[in-house]
Amino acid sequence: MSTQYSVVGSVAIIHLDNPPLNGLSLSTRQGILRDFTRALDAPGIDSIVLTGNAADFSAGADISEVAAPRSAAGPSLRELIEAFEDSSKPVVAAIEGTCFGGGLELALGAHYRVAATTAKVALPDVKLGLVPGAGGTQRLPRALDMRTAADMITGGSTRTAGSLAAIPGQKLFDLVVDADTVTAATRFATRMAASGRRPRIRDLVAAEGDDLGTLHTQLTKRSRGFAAPLIALDLVERARGPFTEGLDAEQAAFLELVGSDQSAALRHAFFAERTARRIPGMAAGTVARPVQKVAVVGAGTMGGGIAMNFLDADIPVAMLETSQEPLDRGLATIRRNYQSQVNRGKLTPEALERRMGLLDPTVDYADLADCDLVIEAVFEDMDVKRVVFTKLDEVMKRGAILASNTSTLDVDVIAEFTGRPADVVGMHFFSPANVMTLLEIVRADKTADDVLATASALGRRVGKVTVVAGVCDGFIGNRMLARYRRASDRLLEVGASPEQIDSAMEGFGYAMGPYRAGDLAGGDIGWAIRKRRYAENPAAPRNELADRLCEMGRFGQKTGAGWYDYEPGRRDAIPSPVVAALLESHYRDTGIRRQNFSAEEIVQRLVFALVDEGARILDEGIALRASDIDVVYLAGYGFPRHRGGPMFHADGVGLDRVEEALRRFDESTEPAPLLTRLAKEGRTFN
Ligand code: NAI
């Protein structure tokens, strides 16, 4: 049974009961129709309340059913909604918890809606490359104003019932209450039965006057080839016209998008993130260790950001530095970051103080002793790591987890600095660590299963997308990034300009191509690393163009010039005559004849480089699955989400074509053996 039927006085109450999220699967829809028919037929019943539970009214359609072939078995959500609208007895939706997608569309078909102030409503379909498919684009604009509805539908964002009910003139909620929603709805239903009125949202006229032109411009700029938001906006515009025409247009758009590559890619991304949480080979019954207090060693760029994750989640943090001065500096940076959130209205001053109050700064290792997990974020230098881990091994309590945020050093070596290598794990955050959602969990040779489980669970507790990686230089993400950068620098050397490369990648869907991104991050860090590498190994390959740029003091936006020029205080990248001259002199000096590249070839060269390195990473077991690589690239490296990640993208292109192109691009190197094998067998990564 996926619904339950009960009666209070003359009101029939239909409870959705399809754990865990009250998804609107076929059996739930059948249950609703059965109970609804029963209520219509019952002589003593005057009105009907439809409700869920405290956590979920309904989280919407079952995503795994979305792309399944349409079943002839009814009722469809649309049919259910029409049955409600035509009902001779008033239908009231009583909404608590999530009311998403199809759940909201169903509620929009009721005659009245009573909601808890805290109920969360959204039409998140665009996040899966879809548009609402059961009238959401036509009813929500009629119930709210055009602009609010358009924002919600094109962005898939979540609003509370309380905030929407405050909009003047809104018809979405008839009543919002702080408690006892179902009781309030039952009383309300009794009154409405007596009134005899059964208003339908479809009969309302969408409010005139809201110009969606600016939103259209913004979305065109932001969506970079991602189709669903603009299609959704067009549908919202149609809500100004006749209802059934809008509904038909919505249905046609929905059916087309369900079959699109973009939606398939976004569904892949959704399931890939979930799959990444499962760690194969983990002993059955592995239980994460409890983590009540976290320690962070090093209050620099990463340490500060890492600490903020835990403070935001109400987890106390002890923070250790070498001396008072860098400690104070680190603390001041954290406070400044929170203060800017306060200034932007994202945080209350009280919440700021509460977070700072959870922070326990120290210069004494003994103060870390009561922490359950410590994350080291000191200089990227093995000798410094040795000192820190030796010390941590001395002071941390038994069972505490010792994690390193190192981005390039060998976690197996770090683990051996301690007498408890099974408790050592890598937790590789990305900068800025309080903003970026990706967290690579690095499993060293001896890392215990429950340590891995704890690090992953803790990451998710603070809102991270976690992926398990094996030990190698750069783990999954940065190792692939190095290949991507080499591929793009190679293009630069033989004739493409930074603006050609960037605009090709932006056309593919990246927010920023490699050179605009490089200017934003700053070229000085990479240069310092390269100089160290050249000193250590004079035979190391050089990146002449990047080095010469840095020698000119062009570090990017921070110095007002990098691969591009910048006007003071502005971020617009202006093609630079200095860089053009640098490239010209490079072609002259090296005698390279400048080649021309199409945008398509630029994209292939860069993306297939990612794919090739990804295939090696997969083959070596550094990544557990191809879809984990996709998750890393989507969550951490700005790969366009509607393309599903590099490995999924390659599957779509066809691995034989990818393999053939890689051979053409670089005759001196064989493509990854796994790629060649799969291509030959006509198989895919995912
Ligand atoms: P940073 O130089 O900004 O901060 C390092 C901090 O550690 C400094 O405040 C320093 O005083 C402190 N420190 C040095 N030795 C110490 C010791 N013995 N005990 C306590 N504190 C000590 O460096 P950043 O960028 O925060 O990097 C830290 C670690 O995070 C490195 O391992 C780095 O590879 C890694 N990482 C850096 C990323 C980045 O984008 N910056 C991204 C991901 C990882």
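**Ligand shell and helix packing in the predicted model**

Of the 25 residues around the ligand, those that come nearest are G298, G300, M302, E380 and S431, a residue being near a molecule if its C-beta atom, placed from the backbone, lies within 6 Å of it. This is a predicted model, in which local features need pLDDT of at least 70 and side-chain atom pairs count only at pLDDT 80 or more, whereas totals for chains, interfaces and linings use all residues. Residues are numbered from 1 along each chain as its sequence is written.

At least two residues of the shell are supplied by each of helix 13 (301–312), helix 16 (382–395) and strand 16 (424–429); helices (H or I, at least four residues) and strands (E, at least two) are DSSP runs, numbered from the N terminus. By class, the shell around the ligand comprises 13 nonpolar, 10 polar and two charged residues, where Ala, Val, Leu, Ile, Met, Phe, Trp, Tyr, Cys and Pro count as nonpolar, Asp, Glu, Lys and Arg as charged, and the others, Gly among them, as polar.

Helix 13 also packs with helix 14 (residues 324–343), at an angle of about 50° and with the axes 9 Å apart, the axes being lines fitted to C-alpha atoms over the stretch in contact and angles running from 0 to 180 degrees between N-to-C directions.
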